[in-house]
Amino acid sequence: MSLKKQSIIVSSCLLGELCRYDGTAKNTLELSNVLDNYNIIPFCPEAPLFGTPRERISVVIVHGKNRIWIDNTKVDVTDKLVDYIDDFLSLHKEVTLALLKSKSPSCGYKTTPVLDVDLKKLFNGNGIAAQMFEDKGLEVIDEMNFLEKLI
Ligand code: SF4
């Protein structure tokens, strides 16, 4: 019998890293107990690119395409995030599972507010990393569904 644990990409803030935009984390004991059974690969695209704390960013539909804007300035940071996430994925081609933080413009899966160009909410969708992971064929799990999916 193989003792090798399955690898899982996990949003770093769910692991206790103080990497959220406001310098906080979002870990829980329940989650860390479940993740003991996995080989964890931490993932946070925003902190290394934009620092912590940082300005809020959002998913915005511009000319029919999802882009990522800094809320206050409307500066488009999509390409920086795409490059970072692409590089991360190329280092972890063997991984098929990701557990991501809800509602984040990077990590949210079906829970992220998607806005119009006036920053008004249109619907809930995917953050940019969650979308790229799914497009690459990974199974993406929202943190709110982790118990049902991972146990
Ligand atoms: S939700 Fe994703 S991008 Fe935001 S702090 Fe957590 S790991 Fe980083």
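**Pockets, ligand and backbone**

Author: The second largest pocket is lined by Val59, Lys65, Asn66, Arg67, Ile68, Thr78, Asn126, Gly127, Ile128, Gln131, Met132 and Asp135. A pocket here is an open set of points on a 1 Å grid over the protein atoms alone, where a 1.4 Å probe fits, with protein on both sides within 12 Å along at least five of seven lines, and lining residues have an atom within 4 Å of a point. Strand 4 (65-70) and helix 4 (128-135) are the elements that give two or more residues to this lining, where helices (H or I, at least four residues) and strands (E, at least two) are DSSP runs numbered from the N terminus.

Reader: What kind of model is this, and how are residues numbered?

Author: The model is predicted, with local features needing pLDDT of at least 70 and side-chain atom pairs counting only at pLDDT 80 or more, while totals for chains, interfaces and linings use all residues. Residues are numbered from 1 along each chain as its sequence is written, and side-chain values use heavy atoms, with hydrogens and water left out.

Reader: Back to that second largest pocket: what is its volume, and how does its lining split by class?

Author: Its volume is about 170 Å³, a volume being the space filled by probe spheres set on the points, which are joined across faces, edges and corners. The lining of the second largest pocket has four nonpolar, five polar and three charged residues, if Ala, Val, Leu, Ile, Met, Phe, Trp, Tyr, Cys and Pro count as nonpolar, Asp, Glu, Lys and Arg as charged, and the others, Gly among them, as polar.

Reader: Now the ligand: where does it sit?

Author: The ligand sits in the largest pocket, in the sense that more than half of its atoms lie within 2 Å of the grid points. That pocket has a volume of about 450 Å³ and is lined by 26 residues, of which Tyr21, Glu46, Lys103, Ser104 and Pro105 lie nearest its centre. The elements giving two or more residues to this lining are strand 3 (57-62) and strand 6 (112-115), and by class the lining divides into 12 nonpolar, seven polar and seven charged residues.

Reader: And which residues come nearest to the ligand itself?

Author: Of the 14 residues around the ligand, those that come nearest are Cys13, Cys19, Phe43, Cys44 and Cys107, where near means that a heavy atom lies within 4 Å. The shell holds six nonpolar, four polar and four charged residues.

Reader: What does the side chain of Ser104 reach?

Author: The side chain of Ser104 reaches the backbone nitrogen of Cys107 at 2.9 Å. Ser104 is in the loop between strand 5 (97-100) and strand 6, and it counts as buried because its relative accessibility is 14%.

Reader: Changing topic, which non-glycine residues have a positive phi?

Author: Lys103 has a positive phi of about 65°, and phi of Lys110 is near 65°. Lys103 lies in the loop between strand 5 and strand 6, and the place of Lys110 is in that loop too. Lys103 counts as exposed because its relative accessibility is 58%, and Lys110 counts as exposed at 55%.

Reader: Last one: where is Glu139, and how accessible is it?

Author: Glu139 is in strand 8 and counts as partly exposed because its relative accessibility is 40%.

Notes. Buried < 20%, exposed > 50% of the residue type's maximum accessible area, 1.4 Å probe, protein only. Polar contact = N/O pair within 3.5 Å; in protein donor to acceptor, adjacent residues only side chain to side chain.
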